Amino acid sequence: METLLVWTLRAMGLLWIGGGAYLLHQTWRLHQIARMADELDALTGEGEAATEDIDEDRPRNLWIGFGGALIFLTGCALTAASWLAAPLAFLVCVHQTLYVWRQMRRSRRAETGEAAAQEAVAAATRNATLLAFLVAALTIYLAASGAYG
């Protein structure tokens, strides 16, 4: 049974490597767009009004980029069946939980219904958080039983 779980998590690790790389790439692209918007503002003299939305999303984008790096590293550890997979999977859970908490708080504080809907936790984020907890639980179990190491 443990061997099947190890190989299942190795396959999951390959998916997490791809997902983490995708998140890192998207974060890098968003950073480039924000930088270009800043340069356009400087050229046109429009000031902060044109990039208000981009500036507001920068901390969120950096947080998502950090999560992408964490997911990528966890995927590498899962694929290698390394003991590092357990603490990294735990950190992914903490990261996801903090992000969900942040979005729920922002949704409650939104001034309009449209803004609240935009800040609401997406179903995909909820599902990813539940999957992260499942993977972390299985990884911690395998590490404790000695199958990872």
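Reply: A pocket is an open set of grid points with protein on both sides within 12 Å along at least five of seven lines. Rolling a probe the size of a water molecule over the atoms shows where empty space is left. Please keep in mind that the model is predicted.

Me: What is the volume of the second largest pocket?

Reply: The second largest pocket has a volume of about 210 Å³. It is lined by 12 residues, and those closest to its centre are Leu30, His31, Ala34, Arg58 and Asn61. Two elements, H1 and H2, each give two or more residues to this lining.

Me: Which element gives the most to the lining of the second largest pocket, and how is that lining divided by class?

Reply: H1 gives the most, with seven residues. By class, five of the lining residues are nonpolar, three are polar and four are charged.

Me: Is Ala34 buried or exposed?

Reply: A residue counts as buried when its relative accessible area is under 20%. Ala34 has a relative accessible area of 3%, and is therefore buried. Its place is in helix H1. As a distance to check in the model, the C-alpha atoms of Ala34 and Trp63 are separated by 15 Å, the two residues being 29 apart along the chain.

Me: What is the volume of the largest pocket, and which residues are the closest to its centre?

Reply: The volume of the largest pocket is about 930 Å³. Its lining consists of 37 residues, of which Arg60, Ile64, Tyr99, Gln103 and Thr125 are the closest to the centre.

Me: Which residues form a nonpolar patch on the surface?

Reply: For a patch of this kind, one looks for nonpolar side chains joined within 5 Å, in residues with over 30% relative accessible area. Here Phe90, Leu91, Val94, Leu98, Trp101 and Ile140 form such a patch, and together they have about 560 Å² of accessible area. H3 supplies the largest share, five residues.

Me: How many salt bridges does a search of the whole structure find?

Reply: A salt bridge requires a side-chain nitrogen of Lys or Arg within 4 Å of a carboxyl oxygen of Asp or Glu. The search finds two. One of them joins Arg35 and Glu39, whose closest N and O atoms are 3.5 Å apart. Both residues lie in helix H1, four residues apart, about one turn of the helix. Arg35 is partly exposed at 41% relative accessibility, and Glu39 is partly exposed at 43%.

Me: Which residue forms a salt bridge with Arg106?

Reply: The partner of Arg106 is Glu119, and the closest N and O atoms are 3.0 Å apart. Arg106 lies in helix H3 and Glu119 in helix H4, so this pair ties together parts that are 13 residues apart in sequence. Arg106 is partly exposed, with a relative accessible area of 24%, whereas Glu119 counts as buried at 14% relative accessibility.

Me: A last topic is the backbone. Where does Ala81 lie, and what is its phi value?

Reply: Ala81 lies in the loop between H2 and H3. Its phi is near 55°, a positive value in a residue other than glycine. Ala81 counts as buried because its relative accessibility is 10%.

Methods
Residues are numbered from 1 along each chain as its sequence is written. This is a predicted model: local features need pLDDT of at least 70, side-chain atom pairs count only at pLDDT 80 or more; totals for chains, interfaces and linings use all residues. Side-chain values use heavy atoms; hydrogens and water are left out. On a 1 Å grid over the protein atoms alone, a cavity is a set of points where a 1.4 Å probe fits but cannot get out, and a pocket is an open set with protein on both sides within 12 Å along at least five of seven lines; lining residues have an atom within 4 Å of a point. Grid points are joined across faces, edges and corners, and a volume is the space filled by probe spheres set on the points. Ala, Val, Leu, Ile, Met, Phe, Trp, Tyr, Cys and Pro count as nonpolar, Asp, Glu, Lys and Arg as charged, and the others, Gly among them, as polar. Patches are made of residues with over 30% relative accessible area and no salt bridge: like charges are joined within 9 Å, nonpolar side chains (Val, Leu, Ile, Met, Phe, Trp, Tyr) within 5 Å. Accessible areas come from the Shrake-Rupley method with a 1.4 Å probe; for residues, only the protein chains shown count as cover. Buried means under 20% relative accessible area, exposed over 50%, partly exposed in between (1.4 Å probe, protein chains only).
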